[in-house]
Amino acid sequence: MEWTFIICTHNPNQERVDFCIKTIEDLQIDNYEIIVIGGNRESKKTKNANITFLDFDENVRPGWTTKKKNLAAKAAKFENLCIMHDYFALDYNWYNGWLQFQQENHNWDIACNPIELINGARAWTDWLTLNDPKLGKATPIEYTDWSKISFQYVSGGYFCIKKTYFLNNPLSEELGSHEREDVEWAERLQKTWKLVCNKYSIVRHTKVHRDMSVWRKKLK
């Protein structure tokens, strides 16, 4: 599989970005690229020719993550996009997990993966309901349960998506970070998307995240 990894960042998170990049490089994928968008990096020189740093004027609108993701997706070379914020690290078996999953499930538009918080607990937002008539909203689901995809949510912090599908269904640039931009996107697409969960490819947070304050309550 060929992958474009899109990392959305801002200052002063260069160290986190470099760690995220390293976990991608460690996967040893034959055909891949990394697009970093945002932040004012002191030097954009790198020994890895697969890395591109895209300029983004943070002063136009702080937290304009929707614009960043849409722009980076247009610049991507490959059909498989992994879009994430800069506080994620990929498990060393992430790519092998995708190869296994692809043998079982070829047809998908958007995919979620298991996400672990820095304390090792599951991030309850990795595979959950948004407006399910029985379970309500914000209810975590088993990774093998795909029966509720018409009522689910996809976190804007991390998701995988086909480029063609994303370009046809971009994030709303009228919204920015923490403005329910991913909720609006899910509500717009959930009746037609082919949403799947690849349980084999784990990702992890590299910082304390607000989800840690509610993870035990949500998963008990």
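Modeller: Happy to! A cavity here is a set of grid points where a 1.4 Å probe fits but cannot get out. Rolling a probe the size of a water molecule over the atoms shows where empty space is left. Please keep in mind that this is a predicted model.

With that in hand, the structure holds 1 cavity of 30 Å³ or more. The volume of the largest cavity comes to about 110 Å³. Its lining is made up of 15 residues, and nearest the centre lie T9, G38, G39, N40 and R41. Two elements, α1 (14–25) and β3 (51–54), each give two or more residues to this lining. What is the make-up of the lining of the largest cavity by class? There are 8 polar residues, along with 4 nonpolar and 3 charged ones.

Is N48 buried or exposed? N48 counts as buried because its relative accessibility is 13%, and the cut-off for buried is under 20%. One is the side chain of E25, with a polar contact at 2.8 Å. The other is the backbone nitrogen of N50, which the N48 side chain reaches at 2.8 Å. If neighbours within four places in sequence are set aside, N48 is in contact with E25 and Y32.

Terms used
Residues are numbered from 1 along each chain as its sequence is written. This is a predicted model: local features need pLDDT of at least 70, side-chain atom pairs count only at pLDDT 80 or more; totals for chains, interfaces and linings use all residues. Side-chain values use heavy atoms; hydrogens and water are left out. On a 1 Å grid over the protein atoms alone, a cavity is a set of points where a 1.4 Å probe fits but cannot get out, and a pocket is an open set with protein on both sides within 12 Å along at least five of seven lines; lining residues have an atom within 4 Å of a point. Grid points are joined across faces, edges and corners, and a volume is the space filled by probe spheres set on the points. Helices (H or I, at least four residues) and strands (E, at least two) are DSSP runs, numbered from the N terminus. Ala, Val, Leu, Ile, Met, Phe, Trp, Tyr, Cys and Pro count as nonpolar, Asp, Glu, Lys and Arg as charged, and the others, Gly among them, as polar. Buried means under 20% relative accessible area, exposed over 50%, partly exposed in between (1.4 Å probe, protein chains only). A polar contact is a pair of N or O atoms within 3.5 Å; within protein, one must be able to donate a hydrogen and the other to accept it, and residues adjacent in sequence count only if both atoms are side-chain atoms. Contact means heavy atoms within 4.5 Å.
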